[in-house]
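I opened the model and went through it element by element. My notes follow.

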Amino acid sequence: MYNKSKELYKQAIKKIPGGVNSPVRAFKSVNMNPLYIDHGRGSKIYDVDGNEYIDYVGSWGPLIHGHCEPDIQNAIMEALKKGTSFGACTEKEIKFASLISDMYPSIEKIRFVNSGTEATMSAIRLARGYTGKNKIIKFDGCYHGHGDSFLIKAGSGVITFGIPGSPGVTPETAGNTLVAQYNNIDSVKNLITENKGQIAALILEPIMANAGLILPINNFLENLRNLTEEAGILLIFDEVITGFRIAPGGAQEYYGISPDLTTLGKIIGGGLPVGAFGGKKEIMDYLAPEGPVYQAGTLSGNPLAMAAGLKAVTMLKNGLAYKKLDQLGAMLENGLKSNLEKLSIPYSFNRVGSLMGLAFTKQKVVDLKTAMSSDAVFYSKYFKEMLKMGIYLAPSAYEAGFISTAHNEEDIEKTIRASYQSLKSAI
Ligand code: KE4
């Protein structure tokens, strides 16, 4: 079943830490060796043992158009004929910046980088440079990439500042990150009161998609906008996942909230490495060479990546894709819920369009605490059964699921049938 993957993994761990270039790919939390993928096509991926899977990871979000989408491939190939990188300006970056600014009115100016981490790391530095303040607020369970300021654990009830969430993050850095609780506006108010005049920015995933899927409730985002406005704190929406995923204009369009800065990634690369951060021009113009805040990158605005991203986003601009994505999402949601109820398995299911999260818990998932009540052991069994049935889910109970425009009703029907069998086997 997975012999070649097993063989490759044995070789990989000799030369690459953990055998992987990103930890979640190691399949540790589902207690199996990682699969090695040979190729993708549409809604499917194929491992090196020739197994076919319907793909609900989509490279962790970027592949909203599925694998090997012809127009995106052609755009890359056309760009490739001219070269791969110049470390100089190209016309496509202007076109792409203008397109994103048209779709995100809050983004008057944008800077392209090479990953979501670079985008969030740079946005925080910019916010600190622009405001002259050092502290930031993040939310427990929100993931913003591996920048030091974000790898922070919530301090105990007594200390409001963060503590290092990873070796290598210094206490000094952690001390400038305050940790609040998502969907708990009082936790934010308390931090603002206790750190008056010291907070540069508040950053959050408008929909939490790194602890399963957690949606904002009770006007949480609107309350955050008002609170930060009043306190002179920059509001940063980390839309690396939600950007172009739940609406052409991301969560800020979907919920009608205008942040001061936005970070983007994943979908905007069309499958190639692109991140970006943007916002009000008075803030963005603080960036070198216009302003004093330094930020740079050899491959930023790479011509191939710009070509892929520009095509991928242009295909989303008219909004027509989202109707199909939501229809497929609703079909899958209804089928999974029907299976779970037939088998009397407790669950919490959150979905916006093609972005979803299934948790095996009796509690409604509304924050990190309830998200963590999901039964990761049961998920691991379910994951492996689904894999055997040709369905590729996230190899972690605490990630989101994604549907692409390449998925079809046949895929969804097969997934629903496989899910019933897998749940039965996992009980
Ligand atoms: P990258 O540096 O991985 O491109 O983006 C970091 C990032 C920033 N913000 C949000 C909301 C994110 O979800 C991410 C990265 N997402 C994870 C999966 N949920 C990437 C997968 C991985 O780490 O391999």
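Which residues are buried in helix 7? I found Phe-220, Leu-221, Leu-224, Arg-225, Leu-227 and Thr-228. Buried here means under 20% relative accessible area, exposed means over 50%, and partly exposed lies in between (1.4 Å probe, protein chains only).

**Ground rules.** This is a predicted model, in which local features need pLDDT of at least 70 and side-chain atom pairs count only at pLDDT 80 or more, while totals for chains, interfaces and linings use all residues. Residues are numbered from 1 along each chain as its sequence is written, and side-chain values use heavy atoms, with hydrogens and water left out. Helices (H or I, at least four residues) and strands (E, at least two) are DSSP runs, numbered from the N terminus.

**Helix 7.** I checked its length next. Helix 7 has 12 residues and spans 16 Å from first C-alpha to last. That is close to the 16 Å expected at 1.5 Å a residue; the expected span is 1.5 Å times one less than the number of residues. I then looked up what covers its buried residues. The cover includes strand 5, helix 6 (185-194), strand 9, strand 10 and helix 8 (250-255). Gly-232 follows the helix, and its phi is positive, near 70°.

I traced an open sheet of seven strands, in the order 4-12-11-10-9-5-8, with mixed pairing. Strands pair if DSSP finds at least two bridges between them. Strand 4 (109-113) and strand 8 (177-180) are at the edges with a single partner strand each, so one side of each has no neighbour in the sheet. From one strand to the next, the twist averages 20°. Strand 9 (residues 199-204) runs parallel to strand 10 (residues 234-238), with four bridges. Leu-202 has Leu-235 in strand 10 as its bridge partner. Helix 3 (residues 91-103) packs on the sheet and touches strand 4 and strand 11 (261-264). Its direction makes about 125° with that of strand 4. Axes are lines fitted to C-alpha atoms, for helices over the stretch in contact, and angles run from 0 to 180 degrees between N-to-C directions.

**Aromatic pairs.** How many aromatic pairs does a search of the whole structure find? I got 15. Rings of Phe, Tyr and Trp (its six-membered ring) pair if their centres lie within 6.5 Å; planes under 30 degrees apart count as stacked, over 60 as edge-to-face and the rest as tilted. The ring centres of Phe-27 and Phe-383 are 5.6 Å apart with planes at 80°, so this pair is edge-to-face. Phe-27 sits in the loop between helix 1 (3-15) and strand 1 (37-41) and Phe-383 in helix 13, so the pair ties together parts 356 residues apart in sequence. Phe-27 is buried at 2% relative accessible area, and Phe-383 is buried at 0%. Both belong to one aromatic cluster, whose members include Tyr-53, Phe-360 and Tyr-392.

**Two single residues.** Ser-380 is in helix 13 (residues 376-388). At 4% relative accessibility, Ser-380 is buried. Beyond four places in sequence, Ser-380 touches Ser-29, Val-30 and Asn-31; contact means heavy atoms within 4.5 Å. Leu-304 is in helix 10 (residues 303-314) and is buried at 14%.
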